[in-house]
Amino acid sequence: MPEKIVFLNGEYLPVEQATVSVLDRGFLFGDGIYEVIPVFGLKPLRVDEHLQRLQNSLSRISLDNPFDDESWKQIFDCLLEKNPGEDRAIYLQITRGAHPVRDLKIQAENRPTIFMMVLQVGVVDVTELEKGIKTVTIDDFRWHACDIKSISLVANVMLREQATQSGVVDAILVREGYVTEGTASNLFMVKNDVLITPPTSQHLLPGITRDLVLELAEENGIACEVRQIAEAELESADEIWLTSSTREIAPVVNLNGKDVADAKAGPMWKKMINIYQQYKQELRQA
Ligand code: PDD
């Protein structure tokens, strides 16, 4: 196993040597932001969009962006070089750093903690993906700021655990009768050959994969609608998908113990996963 090199506050270190203060506000309060950027070959996917979302999240929590986009990209390149592999993902997080007194109040003087590592996620196996996942719907009790990619993920952990306890892979979250997203993914539904996904709002993360899927669908003549989806409507879906940087496009084959369509990945998914793999291949070769 090659040594894992991480980035911490300007230094590249073996993971065992990278340490953070116990007074770090990320540790004490979950006061920070993160991003997960997939990398194909040497190319980060939609890096400008990920950096824009990072900026949006940082602005929402009043934390300055420590680097400009060019500097971020240089660090990504350097970190990828130090952690060779095929398909990978860059994980980055910025917290408000350590302060001597435990106090919620944001201090004028803050030295953020900037941490980055490479996740060896491996090449997605489409045959494996095609088997699909089982899900249950669960009440979305998270806060009204789900558009922030916050490191405070305890609600998501609880919701995922509820799904695990129900014997399924993930939860589809429902707020006031309308579906929002998965615990770490966005949601799509196919009905009568139309691809439908809920609009961005404070109740879901604006997924980079979501936007890419919508864009590729439109380019390939697939009709798309961005609108609210009632929980009852989901039960009569022809297809349901969960999308994310690490999961790509996962077909949902069972919802609340009932098969979705005939419990197999549907024709629209097959079309879209091929388009998506093609897009990745072009990125690798670019
Ligand atoms: N999660 N919604 C939530 C709550 C998420 O945590 C994620 C991603 C998404 C999909 O966003 P994107 O397509 O940009 O990955 C939607 C990452 C992968 C994670 O927490 O590991």
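These legends walk through close-up views of the ligand, its pocket and a cavity.

The structure is a predicted model, in which local features need pLDDT of at least 70 and side-chain atom pairs count only at pLDDT 80 or more, while totals for chains, interfaces and linings use all residues. Residues are numbered from 1 along each chain as its sequence is written, and side-chain values use heavy atoms, with hydrogens and water left out.

View 1. A polar atom in the side chain of threonine 209 lies 2.5 Å from an oxygen atom of the ligand. For tyrosine 34, a polar side-chain atom is 2.6 Å from a ligand oxygen. Arginine 53 has a side-chain N or O atom 2.8 Å from an oxygen atom of the ligand. On its own the ligand has 470 Å² of accessible area, and the protein covers 89% of this (areas by the Shrake-Rupley method with a 1.4 Å probe).

View 2. The ligand takes up the space of the largest pocket: more than half of its atoms lie within 2 Å of the pocket's grid points. A pocket is an open set of points on a 1 Å grid over the protein atoms alone, where a 1.4 Å probe fits, with protein on both sides within 12 Å along at least five of seven lines; lining residues have an atom within 4 Å of a point. The largest pocket holds about 780 Å³ of space, the volume being that filled by probe spheres set on the points. Its lining has 33 residues, with Tyr34, Lys149, Leu153, Thr183 and Ala184 nearest the centre. Helix 5 gives the most to this lining, with five residues (helices are DSSP runs of H or I, at least four residues; strands are E runs of at least two).

View 3. What is the volume of the largest cavity? It is about 40 Å³; in a cavity, the probe fits but cannot get out. Strand 13 gives the most to the lining, with three residues. The lining includes Trp241, Pro251 and Lys264.

Conventions:
Polar contact = N/O pair within 3.5 Å; in protein donor to acceptor, adjacent residues only side chain to side chain.
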